[in-house]
Amino acid sequence: MTKLALVGATGLVGQTMLEMLDQKNIPYSSLTLFSSARSAGKEIAVKGETLIVEELTEEKAKQSFDYVLMSAGGGTSLHFAPLFEKSGAVVIDNSSAWRMDDTIDLVVPEVNTPSLKRRIIANPNCSTIQSVVPLKALADSFGVKRVAYTTYQSVSGSGWQGIDDLTRGEKGEAPKNYPQPIHHNVIPHIDDFLDNGYTKEEAKMINETQKILNDDAIDVTATCVRVPVLHAHAVAINVTLEKEPSVADIKNVLGDFPSIVVMDDPTQNIYPTPLDAAGLESVFVGRIRKDNSLPNTYHIWSVSDNIQKGAALNAIQILEDLLSRKED
């Protein structure tokens, strides 16, 4: 049976991973929970069993595990993932640390599969995941030349700190996590600014889209915005295709693709919102229409729960895929 470990067990994504291990009945013989020293010693109930969270140390990372789910930040991953890997584990990492490493697979199970050149697999950025799923469907049928993103990202994308800042704002208190108040506000600033004026979050979406779709020729640009919503990100995708399908053709292709739910009937005010997607596993798309300002170009509105498909669920799906291969 499988020996499993989870790093970052007390964080928002880590706790969601634990819930999914139970919900999806992932088979394992043992589960070890790790965290920082600050959270070590906490008790967490998993599948009716109470587990004690352990502090992650180099010695413990050298233990024998089959798979390690990591959601503990880039610095922790850079230090500990190679130790787990060296000891024989496959590491599925939710941080940005390994995503653009040429030797590391960056995987969305509906889009691509890991080659396992190394035994570390990177989970993409949350907004990238919900964008490349519909883009893969379009690329397979019509070819993709250019993508322009504008994101509307919920505070849970910053974990408990983001949620706390929204709560502070509701009470009239100053933010501690964001550079500006998020309550009754939107902030066009996610992660640090780069010298070219883009933020790291925007650079992630640009670079990760090309890597996951395996096409550096796709022109990609992005503006990433934090909004005062608890759960689920929205992304306005403006995409230029190689061909010129009808809007009906695009809806059909998207509706037939795994994980995508089309909600698109403007006559009945039907289109996806964060409230529709919160707590669910699908990528919801709507507002599909032609962009008359550019040839072969279309608008697509994508909404998905950033903690589910955008993080925990994607990692669990990768694990499920690896376990199924092992059985084969």
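**Entry 1: H4 against H6**

I looked up the contact between two helices and found that Ser127, Thr128, Ser131, Val132 and Leu135 in H4 meet Lys204, Met205, Glu208, Thr209 and Ile212 in H6, where contact means heavy atoms within 4.5 Å. The residues of this contact of H4 with H6 divide into four nonpolar, four polar and two charged; Ala, Val, Leu, Ile, Met, Phe, Trp, Tyr, Cys and Pro count as nonpolar, Asp, Glu, Lys and Arg as charged, and the others, Gly among them, as polar.

I note that this is a predicted model, in which local features need pLDDT of at least 70 and side-chain atom pairs count only at pLDDT 80 or more, while totals for chains, interfaces and linings use all residues. Residues are numbered from 1 along each chain as its sequence is written, and side-chain values use heavy atoms, with hydrogens and water left out.

Helices (H or I, at least four residues) are DSSP runs numbered from the N terminus. The axes of H4 (residues 126-142) and H6 (residues 200-212) come within 10 Å and cross at roughly 40°; axes are lines fitted to C-alpha atoms over the stretch in contact, and angles run from 0 to 180 degrees between N-to-C directions. H4 and H6 are therefore oblique to each other, as angles under 35 degrees count as roughly parallel, over 145 as roughly antiparallel, 65 to 115 as roughly perpendicular and the rest as oblique.

**Entry 2: H4 against H7**

I then examined H4 with H7 (residues 247-255), which pack at an angle of about 120° with their axes 9 Å apart. This pair is likewise oblique. Pro134, Ala137, Leu138, Ser141 and Phe142 in H4 meet Asp249, Ile250, Val253 and Leu254 in H7. By class, I recorded seven nonpolar, one polar and one charged residues in the contact of H4 with H7.

**Entry 3: cysteines**

I searched for disulfides (pairs of cysteine sulfur atoms within 2.5 Å) and found zero in the structure. Cysteine 126 is in no disulfide, its nearest cysteine sulfur being that of cysteine 224, 8.8 Å away. That separation is too far for a bond. Cysteine 126 is buried at a relative accessible area of 15%, and cysteine 224 is buried at 0%; buried means under 20%, exposed over 50%, and partly exposed in between (1.4 Å probe, protein chains only).

**Entry 4: alanine 311**

I located alanine 311 in helix H9 (residues 308-327). Alanine 311 is buried, with a relative accessible area of 4%. Leaving aside residues up to four places away in sequence, alanine 311 touches Val13, Asn94, Asn123 and Asn306. Alanine 311 and aspartate 93 are 218 residues apart in sequence, yet 9.8 Å apart in space, C-alpha to C-alpha.
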